[in-house]
Amino acid sequence: MGNSPHTDGIVAGRISADAVADNFSDLHPPLDDHEALVAADRCYFCYDAPCQTACPTSIDIPLFIRQIATGTAESAARTIFEQNILGGMCARVCPTETLCEEVCVREVAEGKPVLIGQLQRYATDKVMAEDKHPFTRAAPTGKAVAVVGAGPAGLSAAHRLAMLGHDVVIYDARPKGGGLNEYGIAAYKSVEGFAQAEVDWLLQIGGIEIRYEQKLGESITLETLQERYDAVFLGVGLGGVNALRAEGEDKEGVRDAVDFIAELRQADDLTKLPVGRRVIVIGGGMTAIDAAVQSKLLGAQEVTVAYRRDKSAMGASEFEQVLATSHGVRIEFNAQPVRVVGNGKVTAVEFARTTSAGGELAPTGETFEIPADQVFKAIGQTLTTDAGLTVERGKIAVNETGRTSVSGVWAGGDCASGGDDLTVTAVAEGRDAAMDIHATLTGEGA
Amino acid sequence: MADLRSEFVGIKSPNPFWLASAPPTDKEYNVRRAYEAGWGGVVWKTLGEEGPPVVNVNGPRYGAIFGADRRLLGLNNIELITDRPLQQNLREIKAVKRDYPDRALVVSLMVPCEEEAWKAILPVVEETGADGIELNFGCPHGMAERGMGSAVGQVPEYIEMVTRWCKQNTRMPVIVKLTPNITDVRYPAQAAKRGGADAVSLINTINSITSVNLDSFAPEPTIDGKGSHGGYCGPAVKPIAMNMVAEIARSPETAGLPMSGIGGITTWRDAAEFMSLGCGNVQVCTAAMTYGFKVVQEMISGLGQWMDEKGHNSIDDFVGRAVPNVRDWQHLNLNHVTKARISQDDCIKCGRCYAACEDTSHQAISMSADRVFEVMDDECVACNLCVNVCPVEGCITMETLEPGMVDERTGQVVSGEHGDWTTHPNNPSVVAAE
């Protein structure tokens with residue numbers, strides 16, 4: 001007998017290969033040509049459009065939608081890529097419901113926004129499927145820039161720098177590029193190896209070399225990079241994971257959600273990936289939701305997201321919460337873990353009931369247990385190396401163009417202060433830092 | 001329930017919705033389906049003279065203009081008159097009319113501009129029991145190259161002559177179908193009236209090229225790399241058709257001449273608009289070709305509901321009611337002052353009114369940092385562009401300034417008197433009153 005959702009313990013193959021394939025298919029299937037025209041026609045081409053203002057990369061959304069509507073998706077894609085070279089991934093992973101689509105006048109008026117994210121995907125997919133790269137490099141400047149981290153911030157910075165004529169070397173700690181696009185986001189948001197395809201497509205600009213398995217603070221140091229290059233951009237992300245600070249967190253069956261997601265993303269065969277029968281994910285952000293939903297999709301019988309505050313404080317968007325609950329994930333609000341229960345292996349987590357009305361978190365005195373054979377921690381990530389730079393609230397301190405406390409060193413993305421920890425924010429920060437680096441190296445800036 | 005029965009130049013039909021002479025009325029099978037679906041009448045697709053029938057192209061006959069979601073807005077065709085033998089058509093007309101005596105059946109005709117040709121065809125049509133004939137002086141493609149269709153309709157003297165031949169050679173009512181491919185529709189209408197026409201029907205299709213294929217640089221529809229201008233119809237032509245109808249209705253020479261309205265009629269509302277401009281009934285083609293014959297059911301129910309709501313017991317109650325309100329520009333009241341008003345409750349803050357006014361009009365709408373859009377009365381000329389570009393119906397309206405109020409743009413007090421161009425001091429043609 002094979003395993004089923006009801007098999008105790010952490011086991012693989014709870015559901016059939018077909019069911020797994022179905023579960024991990026594209027969350028939003030791409031729009032076909034006609035669907036895209038219909039969706040594009042709903043755009044009002046607003047003046048000084050709120051959607052564009054809400055986009056961290058300031059994509060000219062009304063223009064690209066109009067370009068789709070007139071049958072010129074390639075022009076639309078160029079409009080997108082000029083602002084956001086990872087527009088393909090952002091079309092898949094952006095929480096549009098809290099960005100562009102939230103402020104779409106048709107969302108405000110009718111509760112039905114223009115499908116901006118899906119239209120962006122339509123345009124960008126079209127160009128990437130044709131393997132066309134819309135940009136060429138400027139004349140060589142003779143300058144070389146080191147970029148640490150091949151995630152969204154680093155790739156964005158590298159592409160912009162290469163386009164402006166600089167030579168770029170990217171150092172990444174992992175064996176593949178893409179950063180969280182490759183290792184971090186839910187599989188159903190980036191199917192069919194999109195993250196790698198996007199990296200390959202982006203590199204078509206030329207002038208960018210990626211050196212893999214080079215970790216800052218180990219095989220490379222900031223000092224050597226500063227010596228060898230004209231400028232350094234750090235986009236190293238947040239490599240560490242916060243501790244639960246609850247008794248028993250070292251028991252077998254407790255692990256970091258980011259590791260589970262990375263393992264899942266890199267797995268060749270998801271039917272061989274073990275998951276618990278009863279899974280608890282502790283945390284309230286996108287990572288928590290991604291871990292919970294994917295546990296359920298692997299066949300876990302019961303999956304609970306336990307969050308210590310109430311719904312209104314949850315980091316995961318309403319869309320993500322609904323996505324989770326529609327997959328049968330239970331969200332337990334006002335539940336703070338106090339103890340992982342079990343004799344060697346986890347069997348349950350004990351929670352203290354909290355109140356968080358008014359923002360002040362306080363225990364009510366009630367405690368309760370939820371049975372579990374697997375627990376994922378998703379309570380935030382931390383900077384693993386500050387490379388000697390000034391740090392503010394756990395992140396590398398930067399100004400609005402990404403300058404750190406050290407001259408010649410810029411930083412952006414999740415590792416840097418300011419901005420939400422979103423792919424799209426990282427892209428914007430990498431791009432803006434690149435422009436500042438360019439201005440500095442060519443003497444055009446301050 | 002309102003009475004939708006129609007009597008048009010003596011031809012009775014249970015409702016005023018007829019199918020126009022066109023592909024949907026080319027043969028018995030279609031016409032029976034149309035009557036079963038509820039159409040009040042049919043104008044049988046144009047018959048030509050006895051002999052070998054015309055031939056059609058064997059490539060595409062239609063081209064189209066689309067709106068959102070491929071909604072068909074305009075259709076063009078290069079199909080000719082019926083390509084089936086005359087005798088077969090006549091047999092079918094007779095059979096259908098026998099089976100549907102309560103429905104109108106008018107036969108469209110196009111034969112060469114010779115009296116003998118008309119004398120030959122009129123008796124055989126009359127013999128079918130058809131209710132009337134419609135003279136096709138309108139088709140702008142193909143047949144016009146052979147001296148028929150719009151080639152006749154563009155020469156008022158020919159219209160008058162042929163109409164007179166027909167009136168002299170048949171007891172059937174004669175409807176003259178007019179082409180819009182002229183400069184002033186009143187002249188062909190007057191010619192038809194002089195020739196003794198019982199009615200005119202308008203408009204036939206408009207000369208058009210719907211699109212050009214940018215790969216082959218050929219107009220569409222394309223036949224072996226080439227295209228020809230075709231006749232344009234559908235919702236896109238309705239405004240053009242309604243103006244022509246109104247011109248005939250309000251011209252003293254033709255006022256009162258019965259009209260059958262044609263041109264993009266798609267819903268009951270379109271029909272009611274044409275009829276309010278003086279049409280005794282309407283003819284439909286593109287809507288049926290787009291959606292099938294069933295559309296007539298909405299037209300019947302919609303017109304009936306509107307008539308009930310408005311208290312119109314019969315269609316005669318509202319036919320022509322809008323005609324007195326169609327005037328020359330020079331008679332419009334220049335003392336009528338309005339200002340745009342934006343409902344902040346309805347505004348969705350898209351800013352289209354602002355862009356339109358700021359870029360292309362009178363800079364009369366202000367925009368605040370938090371996207372509140374307001375009309376500046378001292379700049380607003382009441383052009384209505386903001387109303388037209390606003391995506392929310394009823395959000396922007398025009399408010400009339402009452403007499404005694406001050407127009408902030410001009411500083412003038414609004415007069416309660418009518419004042420138009422004919423008496424305006426800037427008009428050099430005004431003769432000062434002694």
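Is Glu79(B) buried or exposed? At 7% relative accessibility, Glu79(B) counts as buried, where buried means under 20% relative accessible area, exposed over 50% and partly exposed in between, using a 1.4 Å probe and protein chains only. This is a predicted model, so to speak of local features takes a pLDDT of at least 70, side-chain atom pairs count only at pLDDT 80 or more, and totals for chains, interfaces and linings use all residues. Residues are numbered from 1 along each chain as its sequence is written, chains are lettered from A and ligands numbered from 1 in the order in which they are written, and side-chain values use heavy atoms, with hydrogens and water left out.

**Salt bridges**

- Over all chains, a search of the whole structure turns up 51 salt bridges, each being a side-chain nitrogen of Lys or Arg within 4 Å of a carboxyl oxygen of Asp or Glu.
- Back to Glu79(B): its salt-bridge partner is Lys45(B), with the closest N and O atoms 2.8 Å apart.
- Glu79(B) sits in the loop between β6 (72–77) and α2 of chain B, while Lys45(B) is in strand β4 (residues 41–47) of chain B, so the pair ties together parts that are 34 residues apart in sequence. Helices (H or I, at least four residues) and strands (E, at least two) are DSSP runs, numbered from the N terminus.
- Lys45(B) counts as buried too, at 6% relative accessibility.
- Some salt bridges share partners, and that joins Asp8(A), Arg277(A), Arg278(A) and Glu302(A) into one network.
- Arg137(A) and Asp167(A) meet through their side chains in a salt bridge of 3.2 Å, N to O.
- Since Arg137(A) is in the loop between α9 (116–129) and β2 (144–148) of chain A and Asp167(A) is in strand β3 (residues 167–171) of chain A, this pair ties together parts that are 30 residues apart in sequence.
- Both ends are partly exposed: Arg137(A) has a relative accessible area of 30%, and Asp167(A) comes in at 41%.
- Lys272(A) and Asp269(A) make a salt bridge at 2.9 Å, N to O. Here Lys272(A) is exposed, with a relative accessible area of 61%, whereas Asp269(A) is partly exposed at 29%.

**Aromatic pairs**

- The count is 10 aromatic pairs over all chains. Rings of Phe, Tyr and Trp (its six-membered ring) pair if their centres lie within 6.5 Å; planes under 30 degrees apart count as stacked, over 60 as edge-to-face and the rest as tilted.
- Take Tyr35(B) and Tyr100(B): their ring centres are 5.0 Å apart and their planes are at 40°, so the pair is tilted.
- Tyr35(B) belongs to helix α1 (residues 28–37) of chain B and Tyr100(B) to the loop between α2 (86–99) and β7 (104–109) of chain B, so the pair ties together parts that are 65 residues apart in sequence.
- Tyr35(B) is buried at a relative accessible area of 1%, and Tyr100(B) is buried at 12%.
- Trp306(B) and Phe318(B) have ring centres 4.9 Å apart and planes at 85°, so this pair is edge-to-face.
- Trp306(B) is buried, with a relative accessible area of 19%, and Phe318(B) is buried at 2%.
- Ring pairs also link Tyr47(A), Tyr354(B) and Phe373(B) into a cluster.

**Charges over rings**

- The charged end of Arg92(A) sits over the ring of Phe194(A), 3.5 Å from its centre. The rule asks for NZ of Lys or CZ of Arg within 6 Å of the ring centre and within 35 degrees of the ring normal.
- Arg174(A) has its charged end over the ring of Tyr183(A), 4.0 Å from the centre.

**Nonpolar cores**

- The largest nonpolar core has 81 residues, and those touching the most other members include Trp39(B), Trp118(B) and Leu303(B). Such a core is a set of buried Ala, Val, Leu, Ile, Met, Phe, Trp, Tyr and Cys residues joined through side-chain atoms within 4.5 Å.
- Helix α7 (residues 238–250) of chain B gives this core its largest share, seven residues.
- Another core, of 72 residues, lies apart from it, with Cys51(A), Phe64(A), Leu202(A) and Cys350(B) among them.

**A buried lysine**

- Lys395(A) is found in strand β18 (residues 395–396) of chain A and is buried, with a relative accessible area of 15%.
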